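Okay, thanks everyone, let me get the model up on the screen.

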Amino acid sequence: MREPQEYAAIILAGSRILDPSQGMDGSGALLIVDGRIAAIGSEQDVEAKLSELDIGPEQRMTLRQPAGSVIAPGFVDLHAHLRQPGFEAKETIATGAEAAARGGFTTICCMPNTQPVIDSRATLEYVLRAAENAPVRIGPIAAISKGEDGHELSEMVELAQAGVVAFSDDGRPVASSKLMRSALEYAAPLGLPVVEHCQDEDLVGGGVMHEGQISTLLGLKGWPAEGEEVMLARDLALVRLTGAKYHAAHLSTAGAVELVRQAKREGLPVTAEVTPHHLLLTDAWVAGERTGPLADALAEIGVPVLPGERYDTDTKVNPPLRTAKDCAALLAGLRDGTIDAIATDHAPHTLTDKACEYGEAAFGISGLETALASLLALVHVERLDLATLVAALTVRPARAWNLDAGTLKVGAHADITVFDPNEAWVVDPARFASKGKNTPLTGLTLHGRVRQTWLGGKLVYAAGN
Ligand SMILES: [Zn+2]
């Protein structure tokens, strides 16, 4: 059998098309020619468009999707750690990209906290070369400071010319206000966002989980909500001073959501993201008590959620899982547009990085392959509508960073995700394409599965193959 991409024209038909970039939500079809969207709309319109083209019947293919499936723009992730160069035991660009394709992502932006750090043209070019044949588009983020050590700015202008999509010292904050001001001043004329991991290190110290009742109960060092909010407030003052584009990574507290809401109201050029785990899980998971939005949603649809283990190091993430009140504020922020994007903060680690005492374990969750299904739990219980979810995974992140992605408009790259929002499956990290098996969701039954991922008109992932 010929591969779909061997045909000159491919029609995807028979399912719901959901493209928030053009307010489209209904049954329809789309036509792919030369790796781009050539037509989208009713099946009749798409057939009519095809008949205008000089493409013989043997060069055309129609792929009818099973009833109930959804065709959406390929997902865009503004925050992933691919670990290469330097930490290839945790992940490589190839395995991370494969995990992304399986998760329905077609564009991912990778953080520079590798070894060496992406702070020079040479390292950037190495990453771009390694990403060339990946099944997803990879937009590298360059470091703000050389070596991410917070002292001296990287060659921001040169790195921008060489194709980075943003600047960040993610993994750590930019502690110096003076350096942050300079970074914003350099980034402003380049039109690229400065992305902050908001964490006041003096205040957070060696905190390993949210500071509150549960950290006291467990005897673990706390990471207070104010540690995020103090840094975000400082940054917003510097954005007001410089007028530069600023993006707050992985918001985790109700107070941070309110700060971004006020900043947007004021007209500051600020955008923000939230991760699936901060929307869905609470600090109680660290104590083995699985409460919060995901557990509530699963219980409501009749999926049993058994207690977890106390001190499960797969719940250790930075910023930490917070309270149900914070989850509710993050969801409200996502719904009202205060928070632009859902980003995975995919942070793969080896088993040994996590097989130790809670305080010693590495921070992070391997998230690319569970993002969609975990988030769909909120849709199944009507806390979030599917169009908002898809927008937060497609057009909203693309617009936030001005990326050529996140839409099925005619002329756009044919980067497409087809998913079944209802298919049930059990999370088994042994089956992940990612080398990172570190997820607190192991063994849970989730509903929603990516069936196909297309990149530039090529089928790069098909479930079951
Ligand atoms: Zn971070």
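Let's start with Phe75, which counts as buried because its relative accessibility is 0%; buried here means under 20% relative accessible area, with a 1.4 Å probe and protein chains only. Quick caveat: this is a predicted model, where local features need pLDDT of at least 70, side-chain atom pairs count only at pLDDT 80 or more, and totals for chains, interfaces and linings use all residues. Residues are numbered from 1 along each chain as its sequence is written, and side-chain values use heavy atoms, with hydrogens and water left out.

So what does Phe75 pair with in a tilted way? That's Phe419, at 6.2 Å centre to centre and 55° between the planes. For pairing, ring centres of Phe, Tyr or Trp (its six-membered ring) lie within 6.5 Å; planes under 30 degrees apart are stacked, over 60 edge-to-face, the rest tilted. Phe419 is buried too, like Phe75.

Now, charges over rings: NZ of Lys or CZ of Arg within 6 Å of the ring centre and within 35 degrees of the ring normal. Lys316 sits over the face of Phe363, 4.6 Å from the ring centre, and Arg322 does that over Trp223 at 4.7 Å.

Last stop, Leu294. Beyond its neighbours within four places in sequence, Leu294 has contacts (heavy atoms within 4.5 Å) with residues including Trp285, Ser374 and Leu441.

Key:
Buried < 20%, exposed > 50% of the residue type's maximum accessible area, 1.4 Å probe, protein only.
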